[in-house]
Amino acid sequence: MEKRVLAFDFGASGGRAMCGTFDGEKISIEELHRFSNDPVLVNGTMYWDVLRLLHEIKQGLIRAKKYGKIESLGIDTWGVDFGLVDEQGRLLENPVHYRDVRTAGMIEKSFRKIDKERFYRITGNQFMELNTAFQLLSLTEERKELLERADQMLLMPDLFNFFLTGEKKAEYSIVSTTQLMDAKEGCWSKEVIEALGIPEHIFPEIIPSGTRVGELSDAVCQELELDKMDVIAVAGHDTQSAMISVPAKEKDFIFLSCGTWSLLGTELDAPIISEKSRNYNITNEGGYEKKVSFLKNIIGLWCIQESRRQWMREGKEYGFGELEELARKAQPLKCFIDPDAPEFTPAGNIPRRIREFCQRTGQEIPETVGEIVRCIDESLAMKYRYVKEEIQECTGKTYETLYMVGGGTQSRLLCECTANACGCTVSAGPIEATVLGNIALQLLAQKEISTLEEARQIIARSQEIRQFEPENERDWDEAYERFQKVIGK
């Protein structure tokens, strides 16, 4: 008998509701509802429009009625952001966007409260200003009264689960993005929380990925005229849901989850927390069955997405396919940027910033749209190689195939560039890695699938996987030396 589940997948720019149907051999997916996720700037603070997003979840639930019985739903989102609720379950304010300026300077302030080396040794997390630890530190500095009113801090997927069920829980994978979890023990770090001056009582109980949280509340069922439905805490961090879909058969593999952000790393049974990993600023994130993703966050397709928005502001409409065709016509290996340079993080005129970066670093300046896009794709591929080498140094292992999943695999040019830059086979797909992982975790929770390995095999035969082999390796090796000089390494 076919089993149907509902997956809600939220990214930084949009979300969707997807129905997954499992026939015992393959998973098929159908989009029910797609919507934008637009931050709102109010009096200098950037917020997520969380009540609008809850409305969109409800629209997805309504549209799922046509399928009859839905066994469960699961929600995954981006990491680090949260809402604060009081004892009555009232949201104290809209969650603030990770790109908000409130965390500026908070990393340095944190090191005055807890030694940097000790901080990393406990959490095993990459230091990034957007992390939850630094968002909460900013509240202890500037809005202490808000924390005093809070009963619980709920990370984004946990907040949506609370809205639907009334249960306040913290799912393991999303907690691992906060820089507040003890990576080895899998619990909130009392030492870090106390050092940063954050009230300890606001942190909920941590539950494993793939745990049933509860069921749709009576109020939600009555409002939407729905039957009861289980709510599963899938891997709430979208990267960890995507990890379920990596079609690797070998135990030791390297993966690239490529979307607005790129996350490149490997799957381990235990965290690596060493001087080398700290110097390289590599993070340890938790996933299903307490596995660890030893990875690094890299700015991903954001630069292309934001460049496209800039060209639209200038009255030029380009589809992503058209941008790729223009890039193919541009001269290869002409110039590079560091995708993670701070000037490329904020929204705005990315093409102008790319030209300024190239001018400042003594390179040829990309002028055309195609040259800009090619510069971004090739720079991303070079950064993937750079991080892949760091990962290999830390693990002492080499990886012959890079498993690339997510929306970025739709760009054939990026896949080709990645194979060329990394000098290895690129296995590209599935595109819908996060949604499929979300669905598979619900099926695992319901015992419809027995093991993680079985889930990966089912997903691999459900989706198209393409292979890309490296070409022109000598040219790319020479260009990589130039890239390293450009990024100051």
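These are my notebook entries on a predicted model of one protein chain.

**Entry 1: the whole chain**

I started with the overall picture. I counted up the secondary structure of the protein chain and got 19 helices and 21 strands. Next I looked up the radius of gyration, which is 22 Å. The globule rule gives 23 Å for 489 residues, so the chain is as compact as a globular protein of that length. I also noted the span of the C-alpha trace along its principal axes, about 60 × 55 × 50 Å. How much of the chain is buried? Buried residues make up 62% of the 489 residues.

**Entry 2: aromatic rings**

Rings next. A pair of aromatic rings is described by the distance of the centres and the angle of the planes. I found that the structure holds 17 aromatic pairs. One of them is F253 with Y403, an edge-to-face pair with 6.1 Å from centre to centre and 85 degrees between the planes. Where do the two partners sit? F253 is in the loop between α10 (238–243) and β15 (254–258), while Y403 belongs to strand β19 (residues 401–405).

Is W311 buried or exposed? Its relative accessibility is 3%, and under 20% counts as buried, so W311 is buried. Y318 comes out at 16%, so by that cut-off Y318 is buried as well.

I also spotted a cluster: ring pairs link F10, F35, F160, F162 and F163.

**Entry 3: charges over rings**

Which charged residues sit over rings? I wrote down two cases. R308 lies over the face of F320, 4.5 Å from the ring centre. R385 has its charged end over the ring of Y480, at 4.0 Å from the centre of that ring.

**Entry 4: the second largest pocket**

Which elements supply the lining? β18 (292–299), α12 (302–313) and α15 (369–395) each give at least two residues. The largest share comes from α12, with five residues. I sorted the lining by type and got 20 nonpolar, ten polar and 13 charged residues.

**Entry 5: closed cavities**

The largest cavity holds about 60 Å³ of space. Its lining is made of F82, G83, L84, E93, N94, P95, V96, R102, L139 and L146. Strand β7 (residues 82–85) gives the most to this lining, with three residues. By type, the lining of the largest cavity has six nonpolar, two polar and two charged residues.

I looked for a cis peptide bond and noted one between G429 and P430, with omega at about 5 degrees. P430 is in the loop between β20 (425–428) and α17 (433–445).

Which residues have a positive phi without being glycine? K290 is one of them, with phi at about 60 degrees. K290 lies in the loop between β17 (283–286) and β18. Its relative accessibility is 44%, so K290 counts as partly exposed, the class between 20% and 50%.

L333 is another, with a positive phi near 55 degrees. I placed L333 in the loop between α13 (320–328) and α14 (350–360). Here the relative accessible area is 14%, so L333 is buried.

**Entry 6: near the end of the numbering**

My last stop was V486, which is found in helix α19 (residues 473–486). V486 is buried, with a relative accessible area of 16%. I then checked V486 against C335, which is 151 residues away along the chain. The C-alpha atoms of V486 and C335 are separated by 9.1 Å.

Note on methods
Residues are numbered from 1 along each chain as its sequence is written. This is a predicted model: local features need pLDDT of at least 70, side-chain atom pairs count only at pLDDT 80 or more; totals for chains, interfaces and linings use all residues. Side-chain values use heavy atoms; hydrogens and water are left out. Rings of Phe, Tyr and Trp (its six-membered ring) pair if their centres lie within 6.5 Å; planes under 30 degrees apart count as stacked, over 60 as edge-to-face and the rest as tilted. Helices (H or I, at least four residues) and strands (E, at least two) are DSSP runs, numbered from the N terminus. Buried means under 20% relative accessible area, exposed over 50%, partly exposed in between (1.4 Å probe, protein chains only). A charge sits over a ring if NZ of Lys or CZ of Arg is within 6 Å of the ring centre and within 35 degrees of the ring normal. Ala, Val, Leu, Ile, Met, Phe, Trp, Tyr, Cys and Pro count as nonpolar, Asp, Glu, Lys and Arg as charged, and the others, Gly among them, as polar. The radius of gyration is taken over C-alpha atoms; the globule rule is 2.2 Å times the number of residues to the power 0.38. On a 1 Å grid over the protein atoms alone, a cavity is a set of points where a 1.4 Å probe fits but cannot get out, and a pocket is an open set with protein on both sides within 12 Å along at least five of seven lines; lining residues have an atom within 4 Å of a point. Grid points are joined across faces, edges and corners, and a volume is the space filled by probe spheres set on the points.
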